[in-house]
Amino acid sequence: MSEIENKTEHGSMDGAKESAAEDPKNDTGLGLGVIFFILAFLICFLSGWLLFPKLLYSKHEQPFNFDHALHVQETGDCESCHFLREDGTFSGIPKTESCLDCHTDEPMGETEDEAIFAAEYVAKQREVPWYVYAKQPDCVYFSHAAHIKAAGMDCVTCHGHIGESTSSRPYEENRLTGYSRDIWGNNIWGITKNPWDSMKMDDCAVCHEEETGHKGYCFQCHK
Amino acid sequence: MIQDKKAHKFGMVIDLDKCTGCGSCTVSCMAENNIPFKEDESDKKDSLTWMRVYKLTNGKPFPETQTAYLPRPCQHCGGKGDHGHSPCVSVCPATATDYGYDTGIVSQIYTRCFGCRYCMAACPYHARYFNWWDPVWPEGMEKYLSPNVSPRMRGVVEKCSFCYHRYQLAREQAYFDETDEIPEDAYQTACTTACPAGAIIFGDLNNPSHKIHQIVKPDPHPDPLNHDVVGKSRNPKVFRLLERLGTNPKVYYMSEREWVRKLGDSYLEGEWDKVKNHHGAASHD
């Protein structure tokens, strides 16, 4: 260390000691300031952490409860209702018409939900306005055929164990973008453990890079 | 970069002797790709026309006057040496547009574009357009929009995509049938199918069984006069726009008439006579 640096260091330390000795009240002020800062930080942090997601997302209940586990038990697999059409496009959520393969306007079971379905949708020949958890933004192109047929993936790999659920959770919609919360994921920091925890562009790109060695070109996933 | 020996190189050849300038390609393109229009479309300077028809004339007085029409989609440039450095792709600061090495198509994420318009300045073909307003369709007409193409919003640039969504559909069919082959007729652009004169031919320039390959006969060697130029047509009737820039467009034009071919580039006095009989490396053998 050079002489000049030594001098300035000692000089500044001396200065600090002097001012503290001259005005001991400053310590209390500083202490209060620190407490105030910590409190304010905690309030802001917690409101951002706990309150902001509640403000950001609006909750919608599905038209009626759907028991996936029961239907998988009855039909045996996912493909009975969610299938690839012959042109390679994906059927998505089944239309009321395909439900009529089994259902009639007389409920088969005793649940209230089936009664709603029979009375409101089958009898009136309407489609159920389901909220789609996995719905991507309009600019996204996703080919189920590419993932199921060419890559040989199963439903659980991306969608998780939805087939074992007995009730429909509320659909959460981002008030700013209108997208489903499942796209960003439940974790406000974007930390995910499973592929189905979030479905952002980065999540697609990570897997594509691992599996194909390339993230793909714009139009591979966009339209 | 996906290095695939079986990579496609989709391209187009437009026969200017067959084109009548009817504008069917423009209309079908706008309908297919959800391109919005203005209340007054007579003001062309800010119109969105992915496919635009230009009128060419030989500039001679009556009775020697001749006219030709030149439809201009995005040229899907391969860039110098055909390495994928298209003029628009290499200037995009947002990486919102890129070159697909598997198809040769210049693709774009509209939502990623922030509207700086560098690509528009870089494009020598004026193929890119800026959305000055959010798209609005007359009431009820939004029901006619294609669900396979996402409408663009105000403040982003857009251009012809060679109807990439039709390629996506053709590929889904191929996945379902568990085949790698996409037949020539499974993927055709809207303008190609709409042209009543059959002037537009679309296909894979890398596939010798496709009609476009047989017409264009792309030269596999770089042009001896300019090594940046790759894939020059060995057909003496076929030319590309501003070919000497080395942008290597995948849209070729075809005409029997010499004055039309000459209008494909800006030639200095005497230059045309030197290059008019030059049709790729083979013509010098």
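The points below are grouped by topic, from the single chain to the contact between chains.

The structure is a predicted model. In chain B, eight helices and ten strands are present, and buried residues make up 44% of its 285 residues. Chain A is assigned two domains, domain 1 (3-57) and domain 2 (132-221). The contact between the two chains takes 22 residues from chain B and 19 residues from chain A.

**Chain B as a whole**

- Chain B contains ten strands and eight helices.
- The radius of gyration of chain B is 19 Å, close to the 19 Å given by the globule rule for 285 residues, so chain B is as compact as a globular protein of that length.
- Taken along the principal axes, the box filled by the C-alpha atoms of chain B is roughly 55 × 55 × 40 Å.
- Of the contacts in chain B with a separation of 6 or more, 59% are accounted for by residues 24 or more positions apart.

**The two domains of chain A**

- The domain assignment of chain A places domain 1 at residues 3-57 and domain 2 at residues 132-221.
- Between these domains of chain A, four residues of domain 1 are in contact with seven residues of domain 2.
- Helix α2 (residues 26-56) of chain A supplies three residues, the largest share of the side of domain 1 that touches domain 2.
- By class, that side of domain 1 of chain A has four nonpolar residues, with no polar and no charged residues.

**The contact between chains A and B**

- Chain B gives 22 residues to the contact, and chain A gives 19 residues.
- On the side of chain B that touches chain A, the elements giving two or more residues are β4 (97-99), β5 (106-108) and α4 (164-176) of chain B.
- The largest share of this side of chain B, seven residues, comes from α4(B).
- By class, the side of chain B that touches chain A has eleven polar, eight nonpolar and three charged residues.

**One residue of chain A: Gln73(A)**

- Gln73(A) lies in helix α3 (residues 68-75) of chain A.
- Gln73(A) counts as exposed because it has 10 C-beta neighbours inside 10 Å, and the limit for an exposed residue is 12 or fewer.
- From C-alpha to C-alpha, Gln73(A) and Glu114(A) are 16 Å apart in space, while in sequence they are 41 residues apart.

How values were computed. Residues numbered from 1 in each chain as written. Chains lettered and ligands numbered in written order. Predicted model: local features only at pLDDT ≥ 70, side-chain atom pairs only at ≥ 80, totals over all residues. Domains from an automatic or database assignment. Helix = DSSP H or I, 4+ residues; strand = E, 2+ residues; numbered from the N terminus. Nonpolar A, V, L, I, M, F, W, Y, C, P; charged D, E, K, R; others polar. Buried ≥ 20, exposed ≤ 12 C-beta atoms within 10 Å, placed from the backbone. Rg over C-alpha atoms; globule rule 2.2 N^0.38 Å.
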